[in-house]
Amino acid sequence: ALPAPLTSVQPTRRSYTDTSKDRWRADVSRRVVGIVQYWLTQQWSRHLEGDATFCARVAAFVERDVAPFEAQLPHDDRVNVEFLRQFARCKPTRWCDRCARRPVAMVVHSQAGAERTVAHLCQPCTDDVRRRAQMLPAESWMQFPMRDVAEQMTSLHSRLFRAIQPRELLHKAFLDAARAPNFAHMTEHFNRWGQWCATEVLRRERAAERAECIVRLIKVAGHVKALYNFYALFAIVSGLSMTPVSRLRRTWEKVPRKYVSRFELYKKTCDMTRNFAAYRDELAAAARHFATVIPFIGVLSKFLFGVEENPTRVGEHGDQFNLTKARLLYKQVQDVQVNQCELRIDDIAELQLLLERIQPMTEDEMRAVSRRLEPPDGAPPVASPPPATAAAA
């Protein structure tokens, strides 16, 4: 239990024996302690219960700014300092919504049909939810609203993007996986996401089901574009533009015209004409709105490589530093760091796990499945593979 704090702090004049600067700091710290203590007594029960970040900041303030002068403070002020210390040591008191026996470890967002539920769960109950989610089939993502799918994709991609370090962007380090592991990891995931989009279309036998999957992916592309997740937008466009999918003429004929038109607009955004001019216009528009962007990693590496190709030293005798190159590199690193902030997206446990364990086909498998689903004109139909038997397993 918290000690009973003083509800009002009357500043008392006291003579200090140390220097004037320390005396001024001690007086300011004492006044701040009184203000913070009074505010916490009013707001603790409603807003700050279990806020570990805020408690840590209070503890740092006490130890850094107040503790050096604590011995010089009057008794009433020392009581307030002790109140802040005990406040910073308090733990969350909320119990698990499921078992009601253990304290909360995680807030889990779940989806049941069109209804989303929020549960405060302990660690064992959270692990049980994750185990149940792992039993869902891979195509279960289509049961969720497409906006939720786009948000969870953006949350996953944001974590990948935030892991990239500035040193991975300099001196062509991004070309070597050993020197830039996070950059290489994000590049590898981009290829997997593109292949996953094509795989989701090709794993459906009926043309109507494939067309419905294409529509869902185009909807997701629209949502990730609205979230300024160009990494996912490029992945979806590249996946649907792969030859095994784009050649499915009968499937695309069943896609409504308005979604085909949307897909053509997204393809223009990802077009590499004039050095990705349309994409760079989108980035400029996002910057004007102060939006957090997840960029397409391919264009970023292309621009960094072009800048690094310029010499570091210029001049007739090579005795002048290339400030233009340094400014361009600084601008790119700064843009990356500005956008490496945590997004306010609630994680849906089941959907997160479905998207984390995607298993795309290889390119050879996609070509074979595509030819089987819609054989080329004049080619004999390809028989479907026989179902696996227990003996074969």
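The crossing of H13 and H14 is left-handed, a term for a near helix turned anticlockwise from the far one by less than a right angle, with right-handed used if clockwise. The model is predicted, with local features needing pLDDT of at least 70 and side-chain atom pairs counting only at pLDDT 80 or more, while totals for chains, interfaces and linings use all residues. Residues are numbered from 1 along each chain as its sequence is written, and side-chain values use heavy atoms, leaving out hydrogens and water.

**First stop: H13 and H14**

Select helix H13 (297-308) and helix H14 (323-338); helices are DSSP runs of H or I with at least four residues, numbered from the N terminus. Their axes come within 10 Å and cross at roughly 160°, where axes are lines fitted to C-alpha atoms over the stretch in contact and angles run from 0 to 180 degrees between N-to-C directions. H13 is therefore roughly antiparallel to H14, the word for angles over 145 degrees.

Next, display the side chains in contact, meaning heavy atoms within 4.5 Å. Leu300, Phe303, Leu304, Val307 and Glu308 of H13 meet Lys325, Leu328, Leu329, Gln332 and Val336 of H14. This contact has seven nonpolar, one polar and two charged residues; Ala, Val, Leu, Ile, Met, Phe, Trp, Tyr, Cys and Pro count as nonpolar, Asp, Glu, Lys and Arg as charged, and the others, Gly among them, as polar.

**Second stop: the largest pocket**

Select Leu283, Lys331, Gln332, Asp335 and Asn339, which lie nearest the centre of the largest pocket among its 26 lining residues. A pocket is an open set of points on a 1 Å grid over the protein atoms alone, where a 1.4 Å probe fits, with protein on both sides within 12 Å along at least five of seven lines; lining residues have an atom within 4 Å of a point. Helix H12 (273-288), H13 and H14 each give two or more residues to the lining, and the largest share, eight residues, comes from H12. By class, the lining has 18 nonpolar, four polar and four charged residues.

Select helix H5 (residues 146-162) and helix H8 (residues 230-240), whose axes come within 9 Å and cross at roughly 115°. Here Met153, His157 and Leu160 in H5 meet Tyr231, Ala232 and Ile236 in H8.

H8 passes H11 in a left-handed crossing. Leu233, Phe234, Val237 and Leu240 of H8 make the contact with Phe263, Tyr266, Lys267 and Thr269 of H11.

Technical notes: Angles under 35 degrees count as roughly parallel, over 145 as roughly antiparallel, 65 to 115 as roughly perpendicular and the rest as oblique.
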